[in-house]
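Please look at the sequence and the structure below, and keep both at hand while reading.

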Amino acid sequence: MRLMVLLTWAMLAGLAAGAAQAGAWPREKGSLFATATVRLSWPQDIATWTSTEPTQVYRTIYVEYGMSEDLTLGIDLGRAVSGANKTILFAQYPLRRDGRGPAVSGQLGFGRIAGAQIVRPGLSVGWGLPRGWLSLDGVAEIGLRDGATDYKLDMTWGWNVYRDSKLIVQIQTGDTQADPPFARLAPSIVVPINRRLQLESGVSWGLRGDTAMGVTLGLWSEF
């Protein structure tokens, strides 16, 4: 019963917040893009289960707004690389976007993780493909008090399939002060619901430093 409540929460949160992130490519001026997602996870070793309830629940709300042709502002709420609660405000600016070679954008964010003030520089590199894209998105979450730094790097391959649907395969990696480095495989599919909304559903599987498996549900929207 509780699992159904959590899945319903994911859908309602998506409707409330709207829907994904531009990475290396800036948002168009005046455009708003948002996503709300929830990831439920369980141990990969089913023999250790004591119930079917998820052992971890991660909720995320992510919003970007194109302030100008070059400047994108955003907010990132949810869980940090370490798993702690985060609230990050950020600005993103293109460093390279000519027609040949990769697009490159730099990002600088400020906020709090687990109540501590942090600065979050980031870099995104993306390649447009005939029917999709390939991107690398990395950030460093640096504590302003002690300088402790957590790192995150996501590698994403996206393929535009039938009628605006997208197939996405992502390798999520990270290295934190408290835990060993991890790598996670997270494939998903995104399908349009209407002109404004798209539904994302996917799974995840820990490859290294992560013994969990999970499911992901979310809604994307653009205005």
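**A walk through the predicted model**

Thr176 is buried, because its relative accessible area is 9% and buried means under 20% (exposed is over 50%, partly exposed in between, with a 1.4 Å probe and protein chains only). This is a predicted model, in which local features need pLDDT of at least 70 and side-chain atom pairs count only at pLDDT 80 or more, while totals for chains, interfaces and linings use all residues. Residues are numbered from 1 along each chain as its sequence is written, and side-chain values use heavy atoms, with hydrogens and water left out.

Thr176 sits in the loop between strand S9 (166-175) and strand S10 (182-192). Helices (H or I, at least four residues) and strands (E, at least two) are DSSP runs, numbered from the N terminus. Leaving aside residues up to four places away in sequence, Thr176 touches Val81, Ser82 and Asp150; contact means heavy atoms within 4.5 Å.

Next come the charged pairs. Side chains of opposite charge can pair when their charged atoms come close. The structure holds five salt bridges, a salt bridge being a side-chain nitrogen of Lys or Arg within 4 Å of a carboxyl oxygen of Asp or Glu. One of them joins the side chains of Glu64 and Arg27, at 2.8 Å from N to O. Glu64 belongs to strand S2 (residues 56-66) and Arg27 to the loop between helix H1 (2-17) and strand S1 (32-43), so the pair ties together parts that are 37 residues apart in sequence. Glu64 is buried at 0% relative accessibility, and Arg27 is buried at 10%.

Asp76 and Lys86 form another salt bridge, with their closest N and O atoms 2.9 Å apart. Asp76 is in strand S3 (residues 72-79) and Lys86 in strand S4 (residues 85-96), so this pair ties together parts that are ten residues apart in sequence. Asp76 is buried at 6% relative accessibility, and Lys86 is buried at 11%.

In the salt bridge between Lys152 and Asp154, the closest N and O atoms are 2.4 Å apart. Lys152 is partly exposed at 27% relative accessibility, whereas Asp154 is buried at 11%. Salt bridges that share partners also join Asp76, Lys86 and Arg120 into one network.
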